[in-house]
Amino acid sequence: MNLNIPPNKMKINSLIAGICLFFSSLFSCQQKGDFKSVSVEDFSTLIANPEIQRLDVRTVAEYSESHIPKSININVLDKTFAEIADSALQKDKPVALYCRSGKRSKKAAAILSEKGYVVYDLDKGFEEWKKAGKEIEE
């Protein structure tokens, strides 16, 4: 094995490796925050418990069309989402939240879990909930 690698080549290889590592961490699909993403069935079982707070993080227009019964609506895209959530939710009770497809809800779940809430996220969102024939309110 030849260990006589020129210093310039080692620096370039290290730089390339560092750039690759940076971009792979930047664009990874890893879940951020301390929350649990659950299936439609698990979400349904979870929200059967009256102690669980139900949160729809879609827009008011989306919520108005249809939503999971007994859920409240706080748009995660609103810049005051965290403050509104703090005034509307109880930290001592778990929060089960959802959006349309599961992307915005993961953002909301990360925000709330970092603030100390116990959070459950409907993994594939409200569209999957409807496909499964679960109860909705219009």
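Predicted model: local features only at pLDDT ≥ 70, side-chain atom pairs only at ≥ 80, totals over all residues.

Me: Start with α5. Why does its end-to-end distance make sense?
Reply: Helix α5 has twelve residues, 103-114. At 1.5 Å a residue they should span 16 Å. The end C-alpha atoms are 17 Å apart, so the two agree.

Me: Which residues of α5 are buried?
Reply: R104, S105, A108, A109, A110, L112 and S113.

Me: And what covers them?
Reply: The cover includes strands β2 (53-56), β4 (95-98) and β5 (119-122). Helices α3 (60-65) and α4 (81-88) are also part of it.

Me: Switching to E62. Buried or exposed?
Reply: Buried. Its relative accessibility is 18%, and the cut-off is under 20%, so E62 counts as buried. E62 sits in helix α3.

Me: What is E62 in contact with, beyond its sequence neighbours?
Reply: R100 and R104, leaving aside neighbours within four places. R104 is also one of the buried residues of α5.

Me: Now the largest nonpolar core. How many residues?
Reply: It has 17. L55, V57, F81, L97 and L112 have the most contacts inside it. α4, β4 and α5 each give two or more residues. α5 gives the most, with four.

Me: What does F81 touch?
Reply: Not counting residues up to four places away, F81 touches L55, V57, I74, N75, V76, A108, I111 and L112.

Key
Residues numbered from 1 in each chain as written. Heavy atoms only, no water. Expected span 1.5 Å × (residues − 1). Buried < 20%, exposed > 50% of the residue type's maximum accessible area, 1.4 Å probe, protein only. Contact = heavy atoms within 4.5 Å. Core = buried A, V, L, I, M, F, W, Y, C linked by side-chain atoms within 4.5 Å.
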